[in-house]
Amino acid sequence: MPTDLRSYHSKLLSKLQKDLIGNNRRISIKKKTISNLFRYETLNKSSSFQVDLSKFNKPLYIDLKKQILEVQGLTTYENIVNYTLPFGFLPTVTPELKHITVAGAIVGIGIESNSYKYGFVHDSLIEAEVLLPDGKIIICTANNQYSDLFYGLPNSYATLGYILRLKIKLRKVKPYVELKIRKFTNEIYFLKNINSATKDSSINYIESLIYSKDRLYLITGKETYNSTNIISIYGKTIIYKNLSKEGKVILSIKDYIFRYDPEWFWAIPESLFFKLFRFFSPSSLRNSSFYAHYAKFQNRILLKIPFIKHEDPNLELLIQDWQVSLEKGYDLLKFALENLDIAGKPFMGVLVKTKVNASFYPMKKNKLYFNLGSYSYVKKIPNKPSYTNTKMMDKFCFKLNGIKMLYSSTFISKNKFNAIYNGEEYNKIKNKYDPKLLLPSLFEKVVKGK
């Protein structure tokens, strides 16, 4: 029988309200999980009162009949999957990195290889219990008196309040995923085939790894009970390389969901040190949390170790996701392939069709969009300022009436930002739920870095 920890959550709420009710201080949260925001440079930090939400990190209850999970906001997807998968369920959309929290994926924008079918992570949201900056706790749904906050949570990056508890939709899954990899040598033909794949009801997952205009891999996945010739994401070969050649690959459903977690996609250096690390370290250490710690401490410690391969000084970070309508996908893809050199690593392409009108991530409902992601390094443009590549891609994406995720560095003016992300409506909701401005604004949080 499912465990029921809802009374545990109620006790935590009582203590939290006593500590915070009537708060007039600017606040931030204390948590044990790593941040999955990727900023190119050190950001400004403002002093604030820390609210300890580190204990709000557990699945609370699963309703097997209704296929609904009740879960605390700081629960990682690793813990969610460990809780739901024994019952044969997963969240409708599960991000690839184990240590992303469910609240983080709601207030950020979470996308996956089945987003063409289920939308973003926030499309699965049924109910959210939100801690407002003044200490008040409210429950918002799509239809109650706080529906404006419900639709305002996606892409708010916790600037309106903190999600303490959620109810999200689940889906029934099979234990394995069979992946079929096809190579294309033409972008137009590739995009036609990725669109056609969405019409095949037997397919559960669609993604692509894109190296050049004549080396594009379309990867389609079907859930199965077939357990023959299974490979592990913790093997000697980095998983993206297994998926960068034509053929078939079978993974367990759990390995598939977290397939890019052991190497943080393909960003871990392929050096002797990390080859040895892959070979000898237990799988429990091979995760995105390790990468975050590696990135944090490389300048302090790792750069002093001579046999560790470090990033080329001619490279700079390009960790971004851009979305354009599918009919403009060719333009975005062609521009990226002609103007960016990501040092032999692939771009990742998926499709998304959202079912929710998220106020601050405005995309047309039930329309297919092409998402292009870069998760590594790009060669710097000689004699140009740092991060010219990011600025160039952002500008072109916006020119195509596209939108980009804000988990990584963004370099645009406040007026441009407000025009793209519905700043006028944001200010209305901000003034309603945080009139004392105890949390930074969205622009301050994701562009200025407060």
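Which residues does Lys367 touch, not counting residues up to four places away in sequence?

A: This is a predicted model. Lys367 touches Ser325, Glu327, Val352 and Lys353, leaving aside residues up to four places away in sequence. Lys367 itself sits in the loop between β14 and β15. Its relative accessibility is 23%, so Lys367 counts as partly exposed. One of its contacts comes from well along the chain: Ser325 is 42 residues from Lys367, yet their C-alpha atoms are separated by 7.5 Å.

Now the setting. The strands β14 and β15 belong to an open sheet of eight strands. The order is β12-β9-β11-β10-β14-β15-β13-β16, and the pairing is antiparallel. At the edges are β12 (247–252) and β16 (403–404), each pairing on one side only. Ser325 falls in β13, which spans residues 315–325. Two bridges join β13 to β16, and these strands run antiparallel. Trp322 has Lys404 in β16 as its bridge partner.

Helix α6 (residues 187–197) touches β9, β10, β11, β14 and β15. The direction of α6 makes about 10° with that of β11. Helix α11 (residues 329–339) also packs on the sheet, touching β10, β11, β13, β14 and β15. The direction of α11 makes about 10° with that of β15.

Side chains of opposite charge can pair when their charged atoms come close. The whole structure holds 17 salt bridges. One of them joins Lys248 and Glu178, with the closest N and O atoms 3.6 Å apart. Lys248 is in strand β12 and Glu178 in strand β9, 70 residues apart. Lys248 counts as exposed at 60% relative accessibility. Glu178 is partly exposed, at 25%.

A second pair is Arg259 with Glu207, at 3.0 Å from N to O. Arg259 lies in the loop between α8 and α9, while Glu207 lies in strand β10, so the pair ties together parts that are 52 residues apart in sequence. Arg259 is buried, at 0% relative accessibility. Glu207 is buried too, also at 0%. The loop between α8 and α9 also holds Phe265. Most residues other than glycine have a negative phi. Phe265 has a positive phi, near 65°. With 5% relative accessibility, Phe265 counts as buried.

Now the other strands. Strands β3 (residues 59–63) and β4 run antiparallel, joined by four bridges. Tyr61 has Glu70 in β4 as its bridge partner. The two strands form a hairpin with four residues between them. In that turn, Gln67 has a positive phi of about 60°. β4 also pairs with β8 (residues 162–172), again antiparallel, over five bridges. There, Leu69 has Ile168 in β8 as its bridge partner. β4 covers residues 68–72, and four of its five residues are buried. Glu70 is also part of a salt-bridge network that links it with Asp4, Arg6, Glu127, Glu129 and Arg165.

A polar atom of the Thr75 side chain is 2.8 Å from the backbone oxygen of Gln72. Beyond residues up to four places away in sequence, Thr75 touches a set that includes Phe56, Pro59, Ile80 and Val102.

Ile80 is one of the buried residues of helix α2 (residues 77–84), as are Tyr77, Val81, Tyr83 and Thr84. Seen down the helix axis, the buried residues of α2 fall within an arc of 160°, so they line one face. They pack against β3, β4, β5, α3, β8 and α8. Lys98 is in the loop between β5 and α3, 20 residues from Glu78. Lys98 counts as buried at 9% relative accessibility, whereas Glu78 is partly exposed at 23%.

Conventions: Residues numbered from 1 in each chain as written. Predicted model: local features only at pLDDT ≥ 70, side-chain atom pairs only at ≥ 80, totals over all residues. Heavy atoms only, no water. Buried < 20%, exposed > 50% of the residue type's maximum accessible area, 1.4 Å probe, protein only. Pairing = 2+ DSSP bridges. Arc of directions from axis to C-beta. Contact = heavy atoms within 4.5 Å. Axes fitted to C-alpha atoms, helices over the stretch in contact; angles between N-to-C directions. Polar contact = N/O pair within 3.5 Å; in protein donor to acceptor, adjacent residues only side chain to side chain. Salt bridge = Lys/Arg side-chain N within 4 Å of Asp/Glu carboxyl O.
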